[in-house]
Amino acid sequence: MLKSLTRAISIASRLSNKAATAPVPRAVEPLVTSALCGRNAAPTRPFTRSLWVMCGNSGVSGHTQLLTSKRALPSVSCGCGGLHTEGDKAFAEFLSDEIKEEKKIQKSKSLPKMSGGWELQLNGSEAKLTRSVSGEKVAVTFNVNNSIPPHMEEETEQGQKAEDEEPEIVSTPNFVVEVTKQGTKHSLVFDCHFPEDEISHGEGEEESDIFAIREVSFQPEGDEDWQETSYTLNTDSLDWALYDHLMDFLADRGVDNTFADELMELSTALEHQEYIKFLENLSSFVKCH
């Protein structure tokens, strides 16, 4: 009887010691750490890019806790439901100055006219020129998007960069020429572009074509999309005599160097016009007007 009582007392003593030294359950740790963070956390900015702030605790080594920021984001009640920050304000001021500068260097608010009786139709950044020649319909389509070639800084003969000379921005878009004859179901389509080394000519140099034909194909009349099933003639490996005849064919219908020069002037003015519109729309969007 005494042995049994002694054994029971020993077991009870061991269980009591284990309970006293048991670690705090993991579920309780965040509550303890959170309370400590609330006392020791450094002050935070009114607004940060992240809605989470890191809160360290020197009392618990190596432990950090993510807390959701309850601070209200700075905003102005304008009825648009959008976010307004100091960055937006600075952005809007920059855009306002940029628009003024671009309008100063804008040559004319109206687009230049094309000679040769071409009629112009605009659809945003896309332009279409059309004319009729002895019953044939000629249409030239181009888009000013991505039409500004990358500028390479030129150096003088002494190897020094020319100063105080702003490069002139010229739009050189790819363009498609579509020639349609009466009574035919297909149009002869030319995919043309401006090679960088042919855009300008030095004085005394023999004049060459400032644009080139990349591809030629017959396409169903009225189709806006290029049919990949139609045979396409690539001019990279084309006989030069055939290529010259194709260029003469376009020149006879008003698509020559004079036309190409005027097209670049028109495209440059249109691209600049669309750029200013974009800046104005961007400014309105940032201001939430």
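Contact here means heavy atoms within 4.5 Å. The model is a predicted one, in which local features need pLDDT of at least 70, side-chain atom pairs count only at pLDDT 80 or more, and totals for chains, interfaces and linings use all residues. Residues are numbered from 1 along each chain as its sequence is written, and side-chain values use heavy atoms, with hydrogens and water left out.

Setting aside neighbours within four places in sequence, His272 is in contact with Glu102, Ile105 and Gln106. His272 has 16% relative accessibility and so counts as buried (under 20% relative accessible area; exposed is over 50% and partly exposed is in between, with a 1.4 Å probe and protein chains only).

Two packed helices are described by the angle between their axes and the distance between the axes. The axes of helix H3 (residues 86–105) and helix H5 (residues 257–287) come within 9 Å and cross at roughly 160°, which makes H3 roughly antiparallel to H5. Axes are lines fitted to C-alpha atoms, for helices over the stretch in contact, and angles run from 0 to 180 degrees between N-to-C directions; under 35 degrees counts as roughly parallel, over 145 as roughly antiparallel, 65 to 115 as roughly perpendicular and the rest as oblique. On the H3 side the contact includes Phe91, Leu95 and Ile99, and on the H5 side His272, Tyr275 and Leu279 are among the residues involved. By type, the residues of this contact split into ten nonpolar, two polar and six charged (Ala, Val, Leu, Ile, Met, Phe, Trp, Tyr, Cys and Pro count as nonpolar, Asp, Glu, Lys and Arg as charged, and the others, Gly among them, as polar).

Next comes the sheet. Seven strands form an open sheet in the order E3-E4-E5-E6-E7-E8-E9, with antiparallel pairing; two strands pair if DSSP finds at least two bridges between them. Strands E3 (119–123) and E9 (232–234) stand at the edges with a single partner strand each, so one side of each has no neighbour in the sheet. On average, neighbouring strands are turned by 20° against each other, direction ignored. Helix H4 (residues 240–251) packs on the sheet and touches E6, E7 and E8, its direction making about 75° with that of E8. H5 packs on the sheet too, touching E3, E4, E5 and E6, at about 40° to the direction of E5.

Within the sheet, strand E7 (residues 186–193) has seven of its eight residues buried, so it is largely enclosed by the rest of the structure. Five bridges link E7 to the antiparallel strand E6 (residues 175–180), with Val177 partnered by Phe190. In the hairpin of E6 and E7, which has five residues between the strands, Gly183 takes a positive phi near 80°. Towards strand E8 (residues 212–220), E7 makes eight bridges, again antiparallel, and Cys192 stands opposite Ile213.

Most residues other than glycine have a negative phi. Ser134, in the loop between E4 and E5, has a positive phi near 50°; at 78% relative accessibility, Ser134 counts as exposed. Asn146, in the loop between E5 and E6, has a positive phi of about 55° and is exposed, with a relative accessible area of 84%.

Notes:
Helices (H or I, at least four residues) and strands (E, at least two) are DSSP runs, numbered from the N terminus.
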